[in-house]
Amino acid sequence: MGRTDRAQMRSRLRRAAWAGALAVIVCAKPASATTIAVLMTPPAALTRLLHDSLKEHAVARGITVHFDYAPEGAGAQQIAQARHVIAEKVDALVVSPVDPSAWAAIIRLAQEADVPLVAVNGAPRSAWFAGRVAFIQPDDLVAGRLQMRKLGQMLDGRGRVGILAGCTSHPGSAPRAEGVKEVLAESPGLRLVAEAAVDCDRSAARAAVADWLARKPAIDAIAAVTDEMAIGAAEAAEAAGIPAGRILIGGVDATAAGMQAMQDKRLAVTIHQDASLQGRRAIDDALALIRHEPVPQFDWVPSELVTDRMSTTHFSR
């Protein structure tokens, strides 16, 4: 190797050494941490699945996640929590609403601060929102349709139906009941004979159905907008001495209690809306919005029909 070649080799080695040192410096520099604040009810039952999914997926993506809790109906508290975490300069907000009336204020706070907002399972029914806002939720109208269509099929298209609805704290309650009524309206052989608003409460549902049965309206099926109310209806039928399956009862949510009632043949239908999937999508959409990437403003989660003739293993996970 000549003198010129040796000089060129030394030059290349020096450049490689500097590049390697620079790479070490860049890699050693800590990345700015991404922090997402989650506002929701204290984790229990279905909200536990959502909570755990949000936490696990955030950790897997290397994100710091901070939870603040408020009870159902405490809209003013959740607004105050949103104002506080925005002032703390979080990178994004994920909110599962505790009070539909608080939504306008929470959205306005996020828009004014240009903080990405992802709502989980409880979006207001509006066509579009300005700013970095996305909604992760099942289509509850579809859930009601699925439930009633299956009940109608099991009745061979003819029967008398009762509806249990009226959950003031559950934004999905009204569209679920609306979906049930849409199917009834298009099914000449199905007739609505009883309806009660029982606010998602099992004991209130039990009392309402007990009253229906005491007044002896002939009922062939009961469509409840939650599994809890469906179980209350099943308890009322059992207390009245009506054999399991004589009245077909449907719920929504595929809760652990609902799935057990399905296996015990007390419920005929429920609808699975995957809370774990909602949590994963919420984190992914929040990260995309932080990066100013486009996401669907309404990111729908599928509603899946579950009956007592199906394996419930998948839906119980």
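Is Met40 buried or exposed, and what is its relative accessible area? Met40 is buried, with a relative accessible area of 1%. Buried here means under 20% relative accessible area, exposed means over 50%, and partly exposed lies in between (1.4 Å probe, protein chains only).

The model is a predicted one: local features need pLDDT of at least 70, side-chain atom pairs count only at pLDDT 80 or more, and totals for chains, interfaces and linings use all residues. Residues are numbered from 1 along each chain as its sequence is written, and side-chain values use heavy atoms, with hydrogens and water left out.

The protein chain has eleven helices and twelve strands. Helices (H or I, at least four residues) and strands (E, at least two) are DSSP runs, numbered from the N terminus. Of the 317 residues of the chain, 48% count as buried. Contact is defined as heavy atoms within 4.5 Å. Among contacts between residues at least 6 apart in sequence, 73% join residues at least 24 apart.

Met40 belongs to strand E1 (residues 35–40). Beyond its neighbours within four places in sequence, Met40 is in contact with Thr47, Leu50, His51, Phe67, Asp68, Tyr69, Ala70, Gln78, Ser96 and Val98. Glu72 is 32 residues from Met40 along the chain, and the two C-alpha atoms are separated by 8.9 Å. Gln278 is placed in helix H10 (residues 275–290). Gln278 is also buried, at a relative accessible area of 3%. Neighbours within four places aside, Gln278 is in contact with Leu50, Val120, Asn121, Ile136, Gln137, Pro138, Gln273 and Val301.

The largest nonpolar core holds 40 residues. Such a core is a set of buried Ala, Val, Leu, Ile, Met, Phe, Trp, Tyr and Cys residues joined through side-chain atoms within 4.5 Å. Met148, Leu164, Val209, Trp212, Ile222, Met229 and Ile249 touch the most other members. At least two residues each come from helix H5 (140–154), strand E6 (159–165), helix H6 (173–185), strand E7 (190–197), helix H7 (202–214), strand E8 (221–224), H8 and strand E9 (248–250). H8 supplies the largest share, six residues.

Trp212 is one of the core residues that touch the most other members. With neighbours within four places left aside, Trp212 is in contact with Gly162, Ile163, Leu164, Ala194, Glu195, Ala196, Pro217, Ile219 and Ile222. Glu195 lies in strand E7. Glu195 is partly exposed, with a relative accessible area of 42%. Glu195 and Gly166 are 29 residues apart in sequence, and their C-alpha atoms are 9.7 Å apart.

Two packed helices are described by the angle between their axes and the distance between the axes. Axes are lines fitted to C-alpha atoms, for helices over the stretch in contact, and angles run from 0 to 180 degrees between N-to-C directions. H7 and H8 pack at about 40 degrees, with their axes 7 Å apart. H7 is therefore oblique to H8. Angles under 35 degrees count as roughly parallel, over 145 as roughly antiparallel, 65 to 115 as roughly perpendicular and the rest as oblique. The crossing of H7 and H8 is right-handed. A crossing is right-handed if the near helix is turned clockwise from the far one by less than a right angle, and left-handed if anticlockwise. H7 contributes Arg202, Ala205, Arg206, Val209, Ala210 and Leu213 to the contact, and H8 contributes Glu228, Met229, Ile231, Gly232, Ala233, Glu235, Ala236 and Ala237. By class, this contact has nine nonpolar, one polar and four charged residues. Ala, Val, Leu, Ile, Met, Phe, Trp, Tyr, Cys and Pro count as nonpolar, Asp, Glu, Lys and Arg as charged, and the others, Gly among them, as polar.

The axes of H8 (residues 227–239) and H9 (residues 256–263) come within 9 Å and cross at roughly 40 degrees. H8 and H9 are therefore oblique to each other. H8 passes H9 in a left-handed crossing. Asp227, Glu228 and Ile231 of H8 meet Ala257, Gly258 and Ala261 of H9. This contact has three nonpolar, one polar and two charged residues.

Most residues other than glycine have a negative phi. Asp199, not a glycine, has a positive phi of about 55 degrees. Asp199 sits in the loop between E7 and H7 and is partly exposed at 40% relative accessibility. Lys265 likewise has a positive phi, of about 65 degrees. Lys265 is in the loop between H9 and strand E10 (269–273) and is partly exposed, with a relative accessible area of 45%.
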